[in-house]
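This briefing covers the ligand site, the aromatic pairs and some backbone features of the structure shown below. The points are grouped by topic.

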Amino acid sequence: MAHAKNHLEITPEILYRHRRDFIRYGALWGLAGLLPWPAWAKDALRKNPKFTGEGLTLTPEELATSYNNFYEFNLDKDVAPKVKEWKLDASAWKVEVSGCANAKSYSVAELTEMGGGAEERVYRFRCVEAWSMVVPWSGFELGKLIDKLKPDAGMKYVKLTTFGSGDIGPNIKALPHYPWPYTEGLTLEEARHPLTLLATGIYGKPLPKQNGAPLRLVVPWKYGFKSIKSIVKIEFTKTQPKTLWSELAPSEYGFYANVNPKVDHPRWSQASERVLSKSFFPKRQPTLMFNGYEKEVASLYQGLDLTKNY
Ligand SMILES: Nc1nc2c(c(=O)[nH]1)N[C@H]1C(S)=C(S)[C@@H](COP(=O)(O)O)O[C@H]1N2
Ligand SMILES: [Mo]
């Protein structure tokens, strides 16, 4: 890390915001006695009460926005010093949608509106490289958007694609053996699961470039590589779409990529994970089945051999 701080100095954004609100409204509150939290003091961003992150420790924002995998730009995670030079312009973004009744090109604002507006959810996030974090995403359920888009009859999958221009992502030119553009896919059932988000923000702010501005997928029970960034295309398909990682290394990265402590990566164990932190002695914790979302998603995979369908 470029400017490592003592980990005791780190204040998670949510605590910071609560503290700021407390200072701002505390005096008034004190005068009024034990009144409920006034409606006008609430953040504009809706917080989903089911996903407030209770019992989880939020990853410091500074880490979640600097320790990134975004292969189009960099392979070494430490993006913070370089991100200013990235030619990713999220301002006039369009997403091409096909394979459905309402196929056309949409702005991110239009998609957000169709998805019911953005709300905040705190999710665990587990990279296949065996590190993990806990972050507050702003976004909307992909399933709500799918209902509005109305997939054509017989569609079974959703394919998502990142921009493919080497003028934006220099590694698209520098690493020609990668099957660019970055693509990912979900079964329609997975895409419609209420946990599956299209995110437009993180830590209550618009997504920074390195986290996949202006629109990225978040599938918290799957390895991080499924959560494709900077999406330019959403396609409904009849057949299982090809994905960048499963094409590049099919024995290491499957289509499902469900977090599973019992199915190891061919080159390392998935039984435990390093918790991203600024601490000199990062904590390791056991990895949870479906990254802790087993109750919600296990039924999607009934009868499926998860050792073969990794
Ligand atoms: N387009 C694109 N999406 C991507 C990646 C990438 O390299 N390119 N990396 C993936 C991987 S491996 C991870 S772990 C997450 C990282 O997301 P974060 O940087 O917001 O933590 O993004 C995923 N989405
Ligand atoms: Mo990852």
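**Backbone and ligand site**

P181 is found in the loop between α5 (171–174) and β7 (183–187). The peptide bond that leads from W180 to P181 is cis, with omega near -5°. The model is a predicted one.

**Cis peptide bonds and positive phi**

- In general, most peptide bonds are trans, and most residues other than glycine have a negative phi.
- A cis peptide bond also joins A213 to P214, with omega near -5°.
- P214 sits in the loop between β9 (205–206) and β10 (216–218).
- K77 has a positive phi, near 70°, and is a residue other than glycine.
- The loop between α2 and β2 holds K77, and K77 counts as buried because its relative accessibility of 13% is under 20%.
- K150 has a positive phi as well, near 60°.
- The position of K150 is in the loop between α4 (142–149) and β6 (157–162).
- With a relative accessibility of 47%, K150 counts as partly exposed, because that value falls between 20% and 50%.

**Ligand 1**

- Ligand 1 is surrounded by 18 residues, and the closest are N68, Y71, E72, N211 and K229.
- By class, this shell comprises 8 nonpolar, 7 polar and 3 charged residues.
- The side chain of N68 places an N or O atom 2.7 Å from an oxygen atom of ligand 1.
- From Y71, a backbone N or O atom lies 2.7 Å from an oxygen atom of ligand 1.
- R216 contributes a polar side-chain atom, which lies 3.0 Å from an oxygen atom of ligand 1.
- Ligand 1 exposes 530 Å² when taken alone, and the protein buries 99% of that area.

**Aromatic pairs**

- A pair of aromatic rings is described by the distance of the centres and the angle of the planes.
- There are 21 aromatic pairs in the structure.
- One of the aromatic pairs is formed by Y71 and W245, in an edge-to-face arrangement with 5.1 Å from centre to centre and 90° between the planes.
- Y71 belongs to the loop between α2 (61–64) and β2 (94–98) and W245 to helix α7 (residues 244–248), so this pair ties together parts that lie 174 residues apart in sequence.
- Y71 and W245 are both buried.
- F73 and W86 form a stacked aromatic pair, with 3.8 Å from centre to centre and 5° between the planes.
- F73 and W86 are 13 residues apart, and each lies in the loop between α2 and β2.
- F73 counts as buried because its relative accessible area of 10% is under 20%.
- W86 is buried too, with a relative accessible area of 9%.

- Ring pairs join Y71, Y178, W180, F225, W245 and Y253 into a cluster.

How values were computed
Residues are numbered from 1 along each chain as its sequence is written. Chains are lettered from A and ligands numbered from 1 in the order in which they are written. This is a predicted model: local features need pLDDT of at least 70, side-chain atom pairs count only at pLDDT 80 or more; totals for chains, interfaces and linings use all residues. Side-chain values use heavy atoms; hydrogens and water are left out. A residue is near a molecule or strand if one of its heavy atoms lies within 4 Å of it. A polar contact is a pair of N or O atoms within 3.5 Å; within protein, one must be able to donate a hydrogen and the other to accept it, and residues adjacent in sequence count only if both atoms are side-chain atoms. Accessible areas come from the Shrake-Rupley method with a 1.4 Å probe; for residues, only the protein chains shown count as cover. Ala, Val, Leu, Ile, Met, Phe, Trp, Tyr, Cys and Pro count as nonpolar, Asp, Glu, Lys and Arg as charged, and the others, Gly among them, as polar. Rings of Phe, Tyr and Trp (its six-membered ring) pair if their centres lie within 6.5 Å; planes under 30 degrees apart count as stacked, over 60 as edge-to-face and the rest as tilted. Helices (H or I, at least four residues) and strands (E, at least two) are DSSP runs, numbered from the N terminus. Buried means under 20% relative accessible area, exposed over 50%, partly exposed in between (1.4 Å probe, protein chains only).
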